Amino acid sequence: MRLMIKIILIICIVVLLVSIPAVTLLWQNQQETVREQAHIRAQAIYQMIVVTRQWVADNRDAVDPVPAVVTKELAKYANHMATFKFHITSDKLVNPENAPNTFEKDALKKIENNNLLEYADVYIDKDKNKFYRYAAPLFINESCLACHDNQDYRIDDVRGLISIEFPLKEMEESISSSNKITSYAVIIGFIILTASLSFAVYMLVIRHLRTLQKAADAMRQGVREETNIKTNDEIENLSLAFDQMSMQIVNNEEILRSNLQQAVSKYIDLVKELELKNEKLDSLNNLKSDLLDSVAHEIRTPLTKILSYSELLNDERVLEQFDMREKFTSALKHNVNVLKNMFNDIITLSRLEHDQHKYHPIPIQIDSLLQDLIYTSEIDINNKNLNIKQNIEPCTIIVDGETFSIAVSNILSNAIKYSKENGIIEIEGRKENDKYILTIKDYGIGVTKEDISKLFERFHRGANAKKEYPGTGLGLSIVSRIIKAHKGSIDIQSELNQWTLVTITIPLEDK
């Protein structure tokens with residue numbers, strides 16, 4: 001709309017700039033036209049007077065008293081009855097009443113000096129009224145010599161002149177009236193022209209620009225609109241260029257959005273990876289701290305015993321007694337195994353924590369594995385005089401031999417460690433659908449319900465086991481990781497000071 005107003009203003013200014021010199025030229029032309037019409041009228045009056053005078057001269061016998069008087073009376077009559085007046089004068093006066101006025105004197109002088117056939121000017125009186133004054137020479141012919149032969153005139157001599165004067169008001173009013181009609185026509189034409197040009201500009205340009213503007217505004221708001229302008233000219237080319245540009249912008253936005261999403265996704269992945277690494281570092285630092293605290297505490301007792309028994313074995317009195325020597329040797333071996341198992345647990349947990357262990361599934365006979373583990377723990381079983389009851393269904397399972405043996409060994413060792421003297425350990429194994437379920441139950445100190453949910457955390461030990469039983473609290477954490485790596489599950493149920501039941505479920509096929 002603002003562009004339309006600007007175009008209309010420009011059209012008006014251009015028309016105005018063109019109109020000013022045109023109106024000036026028209027006014028000048030009108031003035032010339034008035035003068036031309038006045039001149040033609042004056043000539044016509046002059047000819048009429050000449051013809052009338054000649055007729056009077058040719059018919060002087062019928063005129064009373066003389067032709068000159070008739071002409072003079074005609075001049076007086078015209079002065080009263082017509083819109084013009086005329087006067088016949090001469091530079092050789094017969095009648096002083098016919099003396100020339102100032103205009104007629106100038107006219108006579110210029111006609112005689114310049115051999116003019118006529119002279120005219122425009123006179124403005126004190127009331128601002130315009131008059132056209134015309135003068136033409138009066139020539140001598142044969143009829144004139146009949147009255148003026150005594151004045152030495154010859155035929156074709158200039159005897160005087162006829163001056164004519166009439167107002168220009170009527171002519172100017174006529175022209176002015178015509179000008180009004182012309183002005184109205186021009187104004188109406190200008191309005192029609194401006195409206196036509198404005199409508200044409202609107203239909204050809206403005207409405208299409210408004211379509212482009214609407215599409216541009218929608219584009220700023222993130223919505224793409226097709227312009228679809230069909231004009232078969234530069235506007236259509238502009239529309240096609242705009243549509244192509246908007247499509248390219250949308251495509252670039254999609255590409256940018258996709259790249260941004262990928263970059264953000266990669267950034268999130270990197271952040272998560274860094275968080276995981278930080279968590280692992282924090283976990284490693286915590287593991288180191290906990291490990292040092294736990295190992296420093298747990299290693300002290302077996303080392304102290306090893307040192308004490310080693311010093312006793314250096315005593316000759318002890319060496320001479322076979323029973324004492326055997327007892328001390330057995331104690332040394334036991335404490336060395338405690339240290340060995342402790343360090344094995346630490347090494348195993350470290351490998352599992354950092355995913356450094358490569359799992360190699362192989363077929364294992366579960367009943368043979370349990371028998372080997374029971375045999376390995378025979379000394380500890382005999383020391384407590386434990387009764388091992390077995391009900392194991394033979395079965396081949398696909399597991400990682402090294403880590404699965406460690407897991408079952410840890411559970412069996414806990415059952416032996418926390419069992420009471422002369423107690424019972426029940427081991428059962430059975431196939432159930434596509435799983436193998438192994439349970440180990442002891443009738444020892446048991447675990448509180450509060451501790452059961454935390455047993456698989458590193459370094460956590462039951463409150464009732466910390467004081468009387470050595471350990472690092474790493475065993476069940478290792479077992480949990482190994483069983484989960486085999487896509488199995490482990491469950492612990494217990495009654496404090498009554499019993500503890502550990503259940504392991506392993507898929508029969510490697511999935």
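Predicted model: local features only at pLDDT ≥ 70, side-chain atom pairs only at ≥ 80, totals over all residues.
Student: Why is α9 called oblique to α11?

Tutor: The axes of helix α9 (residues 366–376) and helix α11 (residues 401–418) come within 10 Å and cross at roughly 55°. Angles under 35 degrees count as roughly parallel and 65 to 115 as roughly perpendicular, with the rest, apart from those over 145, being oblique, so α9 is oblique to α11. The crossing of the two helices, α9 and α11, is right-handed.

Student: Which residues meet where α9 touches α11, and how do they divide into nonpolar, polar and charged?

Tutor: From α9 come I366, L369, L370, L373 and I374, which meet F404, S405, V408, S409 and L412 of α11. The residues of this contact comprise 8 nonpolar and 2 polar, with no charged.

Student: What makes β6 and β10 the edge strands of the sheet?

Tutor: The open sheet has 5 strands in the order β6-β8-β9-β11-β10, with mixed pairing. Strands β6 (387–392) and β10 (489–495) each pair on one side only, and these are the edge strands.

Student: How do you know that β8 and β9 pair?

Tutor: Two strands pair if there are at least two bridges between them, and 8 bridges join β8 (residues 424–432) to β9 (residues 435–442), the two strands running antiparallel.

Notes. Residues numbered from 1 in each chain as written. Heavy atoms only, no water. Axes fitted to C-alpha atoms, helices over the stretch in contact; angles between N-to-C directions. Helix = DSSP H or I, 4+ residues; strand = E, 2+ residues; numbered from the N terminus. Left-handed = near helix turned anticlockwise from the far one by under 90°. Contact = heavy atoms within 4.5 Å. Nonpolar A, V, L, I, M, F, W, Y, C, P; charged D, E, K, R; others polar.
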